[in-house]
Amino acid sequence: MRNPQDQKNLQETSIEPLRFDVSGNLIRKFGRESISNKNVAILELIKNSYDAGAAKMEIDFSSVNTKDALISVSDNGDGMDYQDLKNKWMRIASQFKSKKLKNGDRTFIGEKGIGRLSAESLGKIATLFSFPKGKDTGYKVIFDWNKYQDENVLVNDVDNPTSQIKKKKSDHGLRLEIKDLNHDWNMQEAQIELLADVGILNPPNKPVRDFKVSAKFTPSLMAAPKIKKEFLGKAVYSLKTRLTGGSLIRYEFSSIKGKKKEGNRTTDRKLKCGDAVFELYFYYKSPKYFEQAVGKKISAIDSKEISKTLEHFSGIKLYRDNFRVKPYGDPKSDWIGLDIAAHNNSMYPRNDAIFGMVHISKSKNPAIVDTTTREGVIFTDEFQDLIAFVQTSIFGIFADLRSEFESHKTKARKKKNGAKNKTPIHVVVPVPTASPQPPDTLVEIGGKYPENFYNQLQDEINICFEHNHPNAAFFLCRKMIENLVFNILEKKFSTHVDLWYDQKRKIRHKFSVLIQNLYAERTNFGKPNIKTYIEKFNNEVGPFRKEANTKAHYVFEYLADKKELGKFKIKDLVQLLAKIYDNI
Ligand SMILES: Nc1ncnc2c1ncn2[C@@H]1O[C@H](COP(=O)(O)OP(=O)(O)OP(=O)(O)O)[C@@H](O)[C@H]1O
Ligand SMILES: [Mg+2]
């Protein structure tokens with residue numbers, strides 16, 4: 001056949017135009033496969049309630065540990081009448097909200113028209129109750145998502161049973177009941193993580209007015225982790241930088257001692273991200289370092305509270321119009337590249353010592369948009385410049401001012417006020433960091449390490465692992481695991497020295513003896529969960545213990561690539577030991 005473009009003199013008659021059809025599968029692609037993170041799914045529903053003008057939104061998980069597990073979310077927003085349901089709820093990827101920026105004084109958070117498919121991501125059946133404001137009829141629609149998976153079914157082939165309900169005019173809002181859940185919400189960790197994510201959905205110092213989210217959980221959950229506004233006031237240093245016009249950075253820096261410094265810096269290249277604000281709060285978790293830096297003691301209560309809050313909330317979060325864009329600032333999402341940079345300069349903060357917020361808005365930063373999969377924002381030049389702004393604020397401004405404030409410690413030369421500020425600040429990008437996704441790690445603490453030193457060791461292990469140096473990673477893991485076992489025995493049996501120290505040879509017991517002693521003492525920890533952890537550890541440590549010795553002693557014994565590390569279950573072993581240590 002000739003190229004169609006060459007077929008000039010053929011007779012042509014219009015026929016029925018072809019149209020795209022959409023397979024029912026699309027629901028799953030936009031639901032479970034896009035909004036795969038269960039917390040993100042819940043947050044999407046919360047954002048919808050906010051957009052619908054709700055003053056209250058409730059998530060109810062109280063039945064998740066029963067046979068008829070159900071999640072329900074309800075709000076007192078505008079609800080939808082039949083036409084709204086048809087034109088808005090039932091129309092996928094409609095850009096309705098992006099055309100209209102506001103509902104009352106609220107800037108719409110939604111824009112893509114797919115967030116409600118979180119309901120598909122969370123469970124197999126969803127029942128929607130919609131009570132439109134000012135009307136006396138409400139609606140109930142049942143979605144059985146499996147029907148969309150039938151072979152050859154198209155999205156609009158599926159009937160979703162719909163009924164109308166008489167209601168009081170004054171009742172309004174939306175309620176979703178989700179059954180046949182796809183995730184296990186029964187574990188305390190899952191509930192705590194969700195509550196932490198809900199707690200930080202808005203900036204702690206700018207709570208959203210007239211919108212309260214409450215959560216009902218199983219009674220076993222005692223206290224939800226909270227970040228209070230006062231926490232920010234307890235930072236040893238705080239920095240606020242404001243980028244305007246792409247090249248002017250105004251900053252305010254203050255220390256807990258009341259010292260303040262303000263100024264302007266211009267950047268040596270224009271940043272394209274649009275105006276943005278960055279806030280950084282830096283803490284010393286160790287009372288010793290706090291005292292060294294600040295010159296006074298920190299109260300035990302403050303110190304404990306700071307560590308606890310950082311445990312749940314540390315990192316730099318991204319906020320658009322005061323709503324968080326995940327996963328930036330999640331544990332292990334080092335999107336600013338702080339943890340590696342901190343190895344090179346002691347004035348650079350690590351993620352676990354800070355709470356930070358980057359503020360952008362739809363109107364000022366229109367080119368920074370979310371990916372459809374809700375896994376972050378699209379990695380455009382504008383977003384890279386936003387990263388560069390934050391890096392410049394930290395590696396340039398924060399590090400300079402901190403070293404000036406701590407000059408007694410760093411012997412940094414005192415700068416003459418303003419002298420340096422005249423030269424444009426170099427937009428630093430010391431660590432190119434693209435992905436908000438967690439890197440592939442070999443060790444990841446599941447509790448608290450006994451000493452700060454372990455964090456550095458963990459970083460080194462993970463860097464070796466990431467750069468494919470499996471033997472180096474392996475030996476460092478041995479150092480970590482051996483020391484953790486030693487620390488556990490020493491903490492629990494501080495007076496029973498023989499368990500961890502060879503008094504005759506005047507050295508610590510060797511690795512295999514430490515493991516044996518830990519196992520032998522498992523019932524003497526007095527807590528059934530510790531006994532279970534130790535038994536699990538003992539079952540899993542075998543291959544690691546054996547090869548840690550042979551690989552250390554024989555030059556011809558080595559790991560050829562990092563995949564081989566998999567069999568040693570190192571992440572598990574470290575997490576079990578950290579849990580044991582935490583529980584003593
Ligand atoms: N709780 C609610 N109350 C009233 N209407 C709602 C509610 N949740 C969703 N809707 C309607 O359904 C539409 C679709 O919601 P969906 O979350 O899928 O898209 P969106 O919010 O417009 O964009 P995004 O995908 O960015 O969240 C919304 O635009 C809104 O009109
Ligand atoms: Mg939405």
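Analyst: Two residues are in contact if their C-beta atoms, placed from the backbone, lie within 7 Å. This is a predicted model, in which local features need pLDDT of at least 70 and side-chain atom pairs count only at pLDDT 80 or more, while totals for chains, interfaces and linings use all residues. Residues are numbered from 1 along each chain as its sequence is written, and chains are lettered from A and ligands numbered from 1 in the order in which they are written.

User: Of the contacts in the protein with a separation of 6 or more, what percentage comes from residues 24 or more positions apart?

Analyst: The count takes contacts with a separation of 6 or more. Within that set, the share from residues 24 or more positions apart is 71%.

User: How far apart do the C-alpha centres of domain 1 and domain 3 lie?

Analyst: Domain bounds come from an automatic or database domain assignment. They give domain 1 (25-216), domain 2 (229-422) and domain 3 (453-583). Between the C-alpha centres of domain 1 and domain 3 the distance is 45 Å.

User: Which helix gives the largest share of the shell around ligand 1?

Analyst: Helices (H or I, at least four residues) and strands (E, at least two) are DSSP runs, numbered from the N terminus. Around ligand 1 there are 22 residues (C-beta atom, placed from the backbone, within 6 Å). At least two residues each come from α2 (38-51), α3 (82-89) and α4 (96-99). The largest share, 4 residues, belongs to α2.
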